[in-house]
Amino acid sequence: MSELLDLPLGGPAPEATTSAPADEAEAGPDLPARGGPFRAGDRVQLTDPKGRHYTLTLQAGGQYHTHRGGLAHDDLIGKPEGSLVVSPVGTPYLALRPLLADYVLSMPRGAQVIYPKDAAQILMWGDVFPGARVLEAGAGSGALTCSLLQAVGPSGSVISYEIRDDHLQHARRNVETFYGEIPPNWVLRPGDLNIHDGAAEPVDRVVLDMLAPWECLDTVRATLVPGGVLVGYVATTTQLSRLTEALREQQCWTEPQAWESLVRPWHVVGLAVRPEHRMIGHTAFLVTARRLADGVVPPRQQRRPTGR
């Protein structure tokens, strides 16, 4: 599928590229590790005794300064995850690599990120599988893009459209920071989703996180393979209603399903078990539908009329 991939934004043209030495090419880039002992270049999340998080990138000979004294990076390099590093005044810090959810909640952002609770719903109910071809619009700050790339794996691909240049640059930078490079199976394109050529680049899954997703449904219908899943992510009830009714009017989709997810953390210390005072409430509505085969009209849905 490499012939479908665009050059990374701002990258050199093909004729301007130069070949790396053979030994350097074989070694590949020094990407952040996802397991094993800490090494230089890895991002590390430190947690202090009060539960506060601090993120740093390890460098040989480097030092991270805290109000409790400096922490030498060399004290962590080579140690396994879950190790402790102690400040000069005796304060312990637990060291772990940040999870994708940690990174998403702390990443620099232009657009509001899709929260982990919603990204998990999108991956599950969108049935994003290893090897899937996924189309995303818009890219926003790149939070969902990171999750999609992780779900499809190296054998899959993600194509992201973004109409705003500032959001596009945030997405590119955040994805590159998390993966240590621009993933070779990711295409980031400036512009409207309606420029996508569905015949040339069909996909298995589509995720729409945009102001007026109903304006792109003709393009999505032409792009998504029969049986493929469309996931819409909208913030208001007006958008929810309009997208759902537009899907019904096209008559090439299964009956749309709509919901929201709410997360309520709990405080658990001994017998003191109660809900936390704050919860992650409404962020957006999710809508899913599946593409029917060409020429197939969905059976008329029997709905009970609204009554008192």
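Helices (H or I, at least four residues) and strands (E, at least two) are DSSP runs here, numbered from the N terminus. What you're looking at is a predicted model, where local features need pLDDT of at least 70, side-chain atom pairs count only at pLDDT 80 or more, and totals for chains, interfaces and linings use all residues. Residues are numbered from 1 along each chain as its sequence is written, and side-chain values use heavy atoms, with hydrogens and water left out.

Let's start with helix α3, which covers residues 116-125. Just after α3 comes Asp127, with a positive phi of about 55 degrees.

Just after α4, Gly153 has a positive phi of about 70 degrees.

Further along, strand β13 (residues 266-269) pairs with strand β14 (residues 272-275) in the antiparallel sense, over four bridges; two strands pair if DSSP finds at least two bridges between them. Val269 sits opposite Ala272 in β14. Two residues lie between the strands of this hairpin, and Gly270 takes a positive phi near 60 degrees.

Last, the cysteines. The structure has zero disulfides, a disulfide being a pair of cysteine sulfur atoms within 2.5 Å. Cys216 is buried at a relative accessible area of 1%, and Cys252 is buried at 7%.

How values were computed
Buried < 20%, exposed > 50% of the residue type's maximum accessible area, 1.4 Å probe, protein only.
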